[in-house]
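The structure below is the one to keep in view.

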Amino acid sequence: MIKGKKIWLNGRIVDWEEVRVHIVSETFSYGYGVFEGIRCYKTKDGRAVFRLHEHMERLINSAKILFLNIPYSRDELIGAAHEAVKANNFEECYIRPYVYVSTYGESTWDFRKAAVDVAIAVWDWGTYIKEKAVSEGIRVKTSSYTRHHVNVNMTKSKANANYINFALARGEALRAGFDEALLLDVNGLVAEGPVENIFMVKRGEIITPPLTYILEGITRDSILTIASDQGIQCREESFTRDQLYTSEEVFFCGTAAEVTPVREIDYIQIGLGTPGPITKKLMNLFFDVVCGREERYMKWLFYV
Ligand SMILES: Cc1ncc(COP(=O)(O)O)c(C=O)c1O
């Protein structure tokens, strides 16, 4: 990670070091806040943020679920992200909006009237999982940690506190020598990765778990759209880990991980142990789309 120089904070561009959260604040104490993760890519016509509108909509919905009132409209948040990217001037970057409670006082745990801060940081993130993840595929471990039940933490809110679950799962996988974790839901069915949604390929069709237990991934939605536009059959259906073991191909997708082929799960080789043809096709198309090489999906790009 190469950190940015400036952060958009409550309507102003400030120095990176200037942003502070008191340890007594409710976001620090309880993880009561929400965030987003967005990527901005280099294209032949300049920088473009991928699906910025959808990310800001999800941020607003994440906050709504937690009773946090963001004092900005979706269009103002889009303008703020624009300012943050321009202020840092990376060729490509990762954009992280935060909605949080930085102050403290009489805590009621009713957040409807809490003073909510909004910050947008920008940094250069490069490849998330590892250098050769895209070319060689990664090794994944089914986690001993379960993806939250839908009534434990809210699964459709990208809430800070949810990420303890994901960090435990990812940390466990890394300590065991794998590249990433796979979380199952409370019924033992495949849910998602710590920051990724998952797809498998069976008899040429792509299958992904339904939205019930998972975050509504924007990359997942993009892959479903791109694949069906290519005439590839797509299905949203629950499945077990051993259905994954015997599938032809598996891949993860998400803003941070982009499209990442999976070559092994729990010591079992997937397909031929290399990125399969459908994964490669969708992965290449995805990178063409985000880099502005596919006319059809220009509507997903927001130029900065
Ligand atoms: C738990 C979880 N699932 C899936 C995703 C993928 O979502 P997206 O494609 O919108 O980045 C993310 C990343 O935000 C995530 O944190």
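Predicted model: local features only at pLDDT ≥ 70, side-chain atom pairs only at ≥ 80, totals over all residues.

Residues are numbered from 1 along each chain as its sequence is written, and side-chain values use heavy atoms, with hydrogens and water left out.

The ligand is surrounded by 15 residues, the closest being Y163, E192, I218, T219 and T255; a residue is near a molecule if one of its heavy atoms lies within 4 Å of it. By class, this shell has 6 nonpolar, 5 polar and 4 charged residues. Here Ala, Val, Leu, Ile, Met, Phe, Trp, Tyr, Cys and Pro count as nonpolar, Asp, Glu, Lys and Arg as charged, and the others, Gly among them, as polar.

Polar contacts are pairs of N or O atoms within 3.5 Å. An oxygen atom of the ligand lies 2.4 Å from a polar side-chain atom of Y163, and a polar side-chain atom of T219 is 2.5 Å from an oxygen atom of the ligand. For E192, an N or O atom of the side chain is 2.7 Å from a nitrogen atom of the ligand. The protein buries 98% of the 380 Å² that the ligand exposes when taken alone, with areas from the Shrake-Rupley method and a 1.4 Å probe.

Where does the ligand sit? It sits in the largest pocket, in the sense that more than half of its atoms lie within 2 Å of the pocket's grid points. The elements giving two or more residues to the ligand shell are α5 (162-175) and α6 (218-229); helices (H or I, at least four residues) and strands (E, at least two) are DSSP runs, numbered from the N terminus.

Pockets and cavities are found on a 1 Å grid over the protein atoms alone: a cavity is a set of points where a 1.4 Å probe fits but cannot get out, a pocket is an open set with protein on both sides within 12 Å along at least five of seven lines, and lining residues have an atom within 4 Å of a point. The largest pocket has a volume of about 430 Å³, a volume being the space filled by probe spheres set on points joined across faces, edges and corners. Its lining has 28 residues, of which K158, Y163, P194, V195 and E196 are the closest to its centre. The largest share of this lining, 4 residues, comes from α5. The lining divides into 13 nonpolar, 8 polar and 7 charged residues.

The structure also holds 1 cavity of 30 Å³ or more. The largest cavity has a volume of about 60 Å³, and its lining includes I218, T219 and T255, which are also among the residues closest to the ligand. At least two lining residues each come from β5 (38-43), α6 and α8 (277-290).

Most residues other than glycine have a negative phi. F67, in the loop between α2 and α3 (74-88), has a positive phi near 65 degrees. N89, in the loop between α3 and β7, has a positive phi of about 60 degrees.

Technical notes. Polar contact = N/O pair within 3.5 Å; in protein donor to acceptor, adjacent residues only side chain to side chain.
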